[in-house]
Amino acid sequence: MTGYIVRRCIAAVIIAIGVAAVSYALLSFTGGSPAVAALGTRATKYTVAIWNKQHGYDHPLVVQIVDYIWNLAQFKFGYSYRQGQSVGALLNENAGRTAYLSGAALVLALVIAIPLGIAQAVKRNSIGDYVATAATFTLYSMPAFFLGLILIQIFALDLHLVPAFVPDSITTTWQAVIHPLQLALPILTLAGLTVAGFSRYMRSSALDVLAQDYIRLARAKGLSERMVLTRHLLRNACLPIITLIGLSIPGLLAGNIITEALFNYPGLGLLFYDALQSLDYPVLLAYTVIGGLLTVVGNLIADIAVTVADPRIRLD
Amino acid sequence: MTESDPPSGGDYKPPPGDFEPPEGEVAPRPSVADSIGELGDTMMSPAGQFGLQRPFGDLGPETGPEGGEVQINASGWRLALREFFSNRLAIVGLGVLVFFVLLCFVGPLFYHTNQTVTNPLATDAAPNAGHLLGTDDNGFDEFGRIMVGGQTALEIGFFAAFMATVIGTLYGAISGLAGGLVDAVLMRFVDVLLSIPLLFIVLVLATRYSATVLSQSLIIGLFSWQVPSRLVRGEVLTLRVRDFVAAARIMGGTQTRLVVRHLIPNALSVVIVNITFLVADSILLIAALGFLGFGLSYPIASWGDMLGNADNAVTSGYWWLVYPVGGCLVLVVMACNLVGDALRDAFDVRLRRR
């Protein structure tokens with residue numbers, strides 16, 4: 001067990017270093033040096049070359065990558081010349097709001113998907129099962145922004161329940177938390193996309209568990225159906241969800257960019273979107289690396305959590 | 001020959017659910033003895049194909065090694081195809097895909113619209129006789145634009161998926177065959193690429209290379225081969241310890257021959273299933289790119305670009321600029337996913353029978 005966890009952590013560190021290296025290479029392939037951002041568009045080739053030399057952008061790519069990873073290890077993310085701030089400060093400022101949006105969406109998705117998947121498995125091949133399958137399948141095939149647009153149409157324009165876009169007054173994480181109605185649509189959009197994937201897995205996982213002998217035994221010894229479902233089915237069927245939460249992180253991060261851009265919600269996704277338009281390379285690089293690292297860490301935690309939660313699993 | 005089969009001369013009854021002769025056509029029911037006699041020249045006699053197909057479908061697993069692997073395989077593929085076409089949802093999905101291919105590529109030949117020159121006098125017009133789905137904020141006919149936009153979506157989706165599959169198949173086969181350190185290094189690289197969300201990579205690259213159908217296909221195709229490579233590697237790892245691969249190696253087959261002739265054809269089913277999901281994902285991805293403003297450069301149309309201003313259209317009440325194109329997007333992606341699910345089920349059946 002300990003051996004497995006140690007080996008898994010070492011692999012995660014190696015992958016994390018790889019993520020940083022590949023992201024850096026990708027960015028330098030795309031444009032890389034922030035010289036133009038620092039010096040302005042009228043800078044001559046000569047001044048750009050001097051600037052690059054001063055800031056280490058004339059080194060071979062490998063040296064630059066090693067430098068970058070060394071800085072990352074000290075939590076130095078670079079400096080955004082477009083915004084005149086360190087990237088670390090920018091990330092720090094926006095991370096809370098994005099974490100809140102993603103966390104709320106994830107929790108909502110779990111609250112919907114787990115009971116839905118179990119109900120579908122218990123009443124499999126009923127009308128309700130078919131309707132739910134069709135609904136989640138449609139959600140699964142839907143682009144995030146289109147789902148968001150439909151929600152805007154229904155809940156904001158037709159029913160006037162919530163604002164269509166996140167108002168500018170939401171500037172801090174705390175304000176986002178205490179105004180749930182203003183954030184209802186972005187959270188719902190992100191949750192809808194996540195539910196689509198989760199409930200399909202939940203249904204098949206619950207179906208697998210239902211076919212197990214211990215469920216038959218539980219029924220045979222006269223447990224009420226309610227007890228069978230809550231005591232035996234729920235806990236076992238939820239095990240794959242742990243892995244699934246880890247795997248859903250890239251989707252959530254990508255969904256964040258689209259949702260935040262659509263609803264104009266100031267978070268990391270919107271920061272990334274603005275950086276794309278102004279070609280703010282240090283910000284692009286930093287968030288790409290962070291996105292990759294979050295995925296690596298999420299998968300690591302999920303893997304370890306599964307082995308802890310389910311002693312039957314031995315991943316040696 | 002199994003014992004449950006009747007002696008020669010007896011009528012052979014196929015198990016229910018298996019091959020049934022088409023209605024209205026009285027297929028001659030060959031006796032078991034007849035079909036055994038025909039075993040030798042299966043492929044040579046095109047006549048009586050129905051009669052031949054049945055005993056092979058049933059006897060496949062029992063015919064032993066000298067029964068010929070080719071036939072068992074072929075019947076496996078046929079079995080999968082039959083299973084696929086008996087799935088109603090698969091037919092619907094396939095039908096929707098065919099409909100959209102026709103609509104997007106043949107439709108513009110009959111429904112002539114101008115999609116290159118803007119018309120400031122006819123912007124945001126509601127649907128009318130001249131413009132079935134109205135016009136957009138540039139005065140382009142929306143229905144015609146859905147057609148040409150669909151062309152790029154389908155082209156990029158299929159091309160990117162094809163490229164990713166080819167790269168992934170070769171990468172996975174090499175990794176699985178090489179084993180050891182090479183395998184470990186190659187697969188760690190896949191882990192790295194899988195960890196960075198694809199949308200991030202594609203968006204960053206799109207800031208510089210986004211203009212054309214080709215470049216967008218390349219961007220997506222070059223960075224979405226990780227899943228097929230893992231699938232193929234997994235298949236290769238299980239296949240390479242199988243007897244027929246060992247036999248090919250003992251007979252002096254080269255590594256290339258092993259990969260091209262034995263491993264890839266046998267790992268093909270997982271790859272084919274994955275292609276459909278790749279197409280769906282790629283279409284969603286370019287739609288997201290277009291929506292965020294990094295789509296194809298003007299005047300090439302794409303569904304994502306058409307939805308780029310959709311938030312304004314929704315708030316202004318221009319429903320025809322949002323729901324038709326969004327609906328097309330969802331339908332095409334859903335059709336790909338349906339076909340993929342059905343293919344997976346069909347190949348599952350084939351593997352069970354094998």
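User: How many helices and strands make up the secondary structure of chain A?

Analyst: Helices (H or I, at least four residues) and strands (E, at least two) are DSSP runs, numbered from the N terminus. Chain A has 15 helices and two strands. This is a predicted model, where local features need pLDDT of at least 70, side-chain atom pairs count only at pLDDT 80 or more, and totals for chains, interfaces and linings use all residues. Residues are numbered from 1 along each chain as its sequence is written, with chains lettered from A and ligands numbered from 1 in the order in which they are written.

User: What percentage of chain A is buried?

Analyst: A residue is buried if 20 or more other C-beta atoms, placed from the backbone, lie within 10 Å of its own. Of the 316 residues in chain A, 37% are buried.

User: Which residues touch the most other members of the largest nonpolar core?

Analyst: A nonpolar core is a set of buried Ala, Val, Leu, Ile, Met, Phe, Trp, Tyr and Cys residues joined through C-beta atoms within 7 Å. The largest holds 151 residues; Phe272(A), Leu284(A), Val202(B), Leu203(B) and Ala288(B) touch the most other members. Helix 15 of chain B gives the most to this core, 15 residues. Beyond neighbours within four places in sequence, Val202(B) contacts Ile219(B), Ile220(B), Phe223(B), Leu285(B) and Leu289(B).

Terms used
A residue is buried if 20 or more other C-beta atoms lie within 10 Å of its own, exposed if 12 or fewer, and partly exposed in between; C-beta atoms are placed from the backbone. Two residues are in contact if their C-beta atoms, placed from the backbone, lie within 7 Å.
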